[in-house]
Amino acid sequence: MSRLSIRTKVQSQAVVEGLYKDVERRIAASPPGLCPVDMAASFLKLCHAQTCGKCVPCRIGLGQLGNLMEMVLRGDGDEETVDLIEKTARVIKNSADCAIGVEAADMVLKGVIGFRDDYLEHVRHHRCLASLNQPVPCVALCPAGVDIPGYIALVHAGRYADAIRLIRKDNPFPTTCGLICEHPCEARCRRSMIDSPVNIRGLKRYAADHAGEVPVPECAKSTGKSVAVIGGGPGGLSAAYYLALMGHSVTVFEQRKEAGGMLRYGIPSYRLPRKLLDSDINAILSTGNIELVTGKQIGKDETLTDIRKRFDAVFISIGAHTDKKLGIPGEDSRGVISAVELLRAIGNGEKPDFTGKNVVIVGGGNVAMDCTRSARRLGADRVTCVYRRRKADMTALPEEVESAVAEGCEIAEMLSPVRIEADAEGNAAGLVVQPQITGPFDRSGRPRPVNADAPERLIPCDIIIIAIGQGIESRPFEEEGVRVVRGSFGASDNGSILEMDGVFAGGDCVTGPATVIRAIGAGKVAAANIDEYLGFHHVIEAGVDIPSPVMKDLPAYGRVNLAEREAAERQCDFELTECGMSPEEALQESGRCLRCDHFGYGVFKGGREHVW
Amino acid sequence: MVNLTIDRIPVTAQEGTTIMEAAALAGIPIPHLCYLKGINEIAACRVCVVEVEGTERLLPACDNVVLEGMSVLTNSPRVREARRTNVELLMSQHSGECMSCVRSGNCSLQTIANDLNILDGNPFPKDLPVDRWDKEAPLFRDSTKCIKCMRCVNICDKVQDMHIWDVEGTGGHTNVNVSLGREIMNSDCTFCGQCIINCPTGALRERDDTAKVWRALADPSKTTVVQVAPAVRSAWGEAFGMTTEEASEQRLAAALRRLGFDYVFDTNFAADMTIMEEAGEFLEQLTHPENHTFPMFTSCCPGWVRFLKGQFPEMTGQLSTTKSPHQMFGATIKTYFAELKGIDPHDIFVVSIMPCLAKKAECAEPNQNDACGDPDVDVVLTTREMNRMFRADHLIPGLLKETPFDAPLGIASGAGQIFGVTGGVMEAALRTAYYAVTGTNPEPDAFREVRGFDGWKESVFEIQGKQLKVAVASGLGNTRKLITALKKGEVQYDFVEIMACPGGCSNGGGLPIHEGFNLTPERAAALYKLDLNNPIRFSHENPGVQEIYDNYFEKPLSEKAELLLHTDHFGWEMPAGPNHQRKA
């Protein structure tokens, strides 16, 4: 008998651990629309299997909870069954000995409260509210509903121009989105069940890179109706594009020198080269039904009321361009600038010179990363991004953070700005920060930072860029009657503004600062509903036939990720950092698509909206 | 062309052919359950899986096309194992009560289980879904027999464009049910029954009303009268393996007599009366166009009437008020015939044998009771129910001596015969309308242009210098297109005939069911043959009809005719469809 022995994994344990990974990926790939009660019952079964078996609530209670939920699912229970589930879960949560029971019961409890209607529908009407309306996960998660399996199949077939035509049916910014879309489509990609999500954005970029110039479809017969679009960003231009194709005459009012909105004045060119942005915008304008009026601000140069008189319908898509302040002493020092200010200047071609300067950026989102990486390219000596939570809690895309670090920027986490120190001339000289300790979770599901028992610190610097969020310049519109809810325009699901006939709104000015693809989706929705409002029912279609899928074996395969130019080189210029796929990579990556438009539910319920 | 081998047999097939079709060409019928060509090719049952050499996964033959050089095995050990297991799995969620199932002997699941020699000891425990269906509805569903092949969903979606069925729930609790959480009787279901005749098992059928008929037949105080719709005669014998010639009208009448009916009449007689009334109504409208909205719609198909009232209720007033033939006949039997025979109409029990499910709902409409306050027709049986009664009475119809329908309500013209096929009502009406306008008969086949199985046909005819624009549609998907085009002003017609079932009553939801083939063209051809061989080709020349107008109704649209032969389509409620809100 050995006194101690080295622990080795038995084979079964090694296999089970592999299965845990499979389950993790599988849960991530759950399509939207599943029965929440059924899912909760399934999770509970997993939780129950984790029980050690010592304590009553967990050993017996979780099993009985499962039985009750199964009764509900079969439609055998009644409202008392739902109450009993709630009570039992509460007792388990209150009386279990360890997290295995407490957390399992809490999951059930959250559900019984959070989706009680689903429970009640099962017991009252023996029915389920769930339904898989859009059977293709990527399409379901794309705010613009782009036909992703369709264009991936076209890329696979080498039909790049057709891929662009198909994308444009739902999104007139294929090139832009190929570069900077946040790709919510990839989150639930069914491929995750096998290995990892298809690199959808990378394939879109490949299509855009290789399609050449693709002419836009012809516009429908002129309707004689006119639509004003206020704001020439992605939302406004998307609406303008579809309205133009529908035969309406569109005028886009843009307050700045050029159209593009945040794409031009918010996203640095090393992520989105201006030439490529312009190619999308030029294609949109090439429909011929759009007049672009730049340098005119509605609400100042002309009132909304006047615009409403001049046009048959109005779409407001002014974005979120005002900056938020930190509200700390010293913020008015020279050298303290807002992210919006910096990025707008760069967008205007007026790049500030940070040569030899120490730059501090405050914030943890994608805009903060854009400022951080831009500061590096503007010649700064030291670039430090100060964030009050943990790096892991940043809302910026992880690859953006990683790239910034690779380019020599510092991420100073767990530091909360206290005040800005200035020199005798009023120039910023340093940011005083209070170290933080990560604390209890807040409502957003992230741990809240709290002041650590540690002294304040001074970060010496010359430039401080505040990138903690943007707001909406809503006042001029509010004064003319547009409803404003918590700082954003209050539009309904169809984009219309209540109590203002013929006025629609969408994009950041409705959602608050969000993603490009959400703004594009909002533009598309608004175009459809403005068309209906004007008394028409034009349809938008691509007229592209999609290659038939072939059933094949599904061995696990690595995902092709996009490389970046070497950090040492790219940090010196504003040229595009990301490299596209090689033909070999694009062929392989597009071949990983499982074609959920066909296999599974797609072939039954239709994996494709050919027209909208 | 693509060259491949299937079970080592060299096969050449056109590009794009599925493995299933290519195998069939080579004489290899690959077993399947969910597949319904062109309509339900969703590869759900996985019974048709085959092995393609070099591929690890088994491929469904219905959903994969042949490729050059492919080597397909339909009976490899892996295929045999998968096919059997998948059938066993389906059986574990199927009640398996074959002895009390109307589809026993005509059930795809039963056939394949027998073929696979699955005797006993299914390794999977029974796991039956809970069945909660409104058993009073004309359409009967048993979820313990449903194999979720989704054919009903797709027939209703793609062919009928009614979207009555949908998948409900997800995961292991997935079920098929009336869409949008509705109950069948609160839905806008037309009861066309197309889902039934495409169901591979006994999950969908008509509500069985044979017990009511047996009860009436056993009641000595009842005079039992049965009538037979046109399309029934061309299809009933299929269930007994009879040829069209063997399954004659006279043999059908003989079999019904053997069940004990006191009178066996021909609905075709009433079809001729329908023509008299409907043609009269149409001519009246043409004479006073200012009082009417055109087109006038036929009203003999209750599935269509339900469709219009549910989907486009604002157009209900354009339906001809003429009752459907069997309802007209019911009212005539309980008045004219009752008086003739001196029978209290309350003691008459009228049974209609129909190719149709919707007629079951029609005879229960609250205002189909004009004769004596009782329902004009007491029970509607589908052809399948009638055939089950024949079986219950161990009849061998092929051996029966032919006997004619009873007089005087048993005489029919050829025009009445063709009511059972799309275009038939229009053609019959035009024959008589022509006569009514010109005073002379046209060539009997003058209006044959409206024949054929196109879903939406249109023709222009000239009668005495007046151009008549008519249209004929069958199938509710086609019908919705036609009505939508009418509403948009893209088309204009004077007279439109609609039948809810694609191809008309010859493809009715109440006719015998055949897996894998459709006998509609043959059934229709049999009706046209009956028309051609009938010495009377015009409804107005039916001597029985002439007699009844002389003795009782005086003339079409007379006060008595209006009372008994016409109906108020606004007299009952039809649940409005979500489609109406969606598309109108």
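**Entry 1: H14(A).** I looked up the buried residues of H14(A), and they are A:Leu277, A:Asp280, A:Ile281, A:Ala283, A:Ile284 and A:Leu285. Buried here takes 20 or more other C-beta atoms within 10 Å of a residue's own, exposed takes 12 or fewer, and partly exposed lies in between, with C-beta atoms placed from the backbone. I note that this is a predicted model, in which local features need pLDDT of at least 70 and side-chain atom pairs count only at pLDDT 80 or more, while totals for chains, interfaces and linings use all residues. Residues are numbered from 1 along each chain as its sequence is written, and chains are lettered from A and ligands numbered from 1 in the order in which they are written.

Helix H14 covers residues 274-285 of chain A. Helices are DSSP runs of H or I with at least four residues, strands are E runs of at least two, and both are numbered from the N terminus. I found that the cover over the buried residues of H14(A) includes helices H10 (174-180), H12 (234-245) and H13 (262-265) and strand E3 (290-294) of chain A. Contact requires C-beta atoms, placed from the backbone, within 7 Å.

**Entry 2: H17(A).** I checked helix H17 (residues 366-377) of chain A next. H17(A) is mostly covered, with 12 of its 12 residues buried; among them are A:Asp370, A:Arg373, A:Arg376 and A:Arg377. The cover includes helices H16 (339-347) and H18 (398-406), together with strands E7 (358-362), E8 (382-386) and E14 (463-466) of chain A. Just after H17(A), I see A:Gly379 with a positive phi of about 100 degrees.

**Entry 3: H11(A) and H23(A).** I looked at how helix H11 (residues 200-210) and helix H23 (residues 583-590) of chain A pack: the angle is about 130 degrees and the axes are 10 Å apart. That makes H11(A) oblique to H23(A). Oblique is what remains after under 35 degrees (roughly parallel), over 145 (roughly antiparallel) and 65 to 115 (roughly perpendicular). A:Gly202, A:Leu203 and A:Tyr206 of H11(A) meet A:Ala586, A:Glu589 and A:Ser590 of H23(A).

**Entry 4: B:Asp262.** I placed B:Asp262 in the loop between helix H8 (249-259) and strand E11 (263-266) of chain B. B:Asp262 counts as partly exposed because it has 16 C-beta neighbours inside 10 Å. Leaving out residues up to four places away in sequence, B:Asp262 touches B:Thr223, B:Thr224 and B:Val225. I also looked up B:Asn186, 76 residues from B:Asp262 along the chain; their C-alpha atoms are separated by 37 Å.

Terms used
Axes fitted to C-alpha atoms, helices over the stretch in contact; angles between N-to-C directions. Contact = placed C-beta atoms within 7 Å. Expected span 1.5 Å × (residues − 1).
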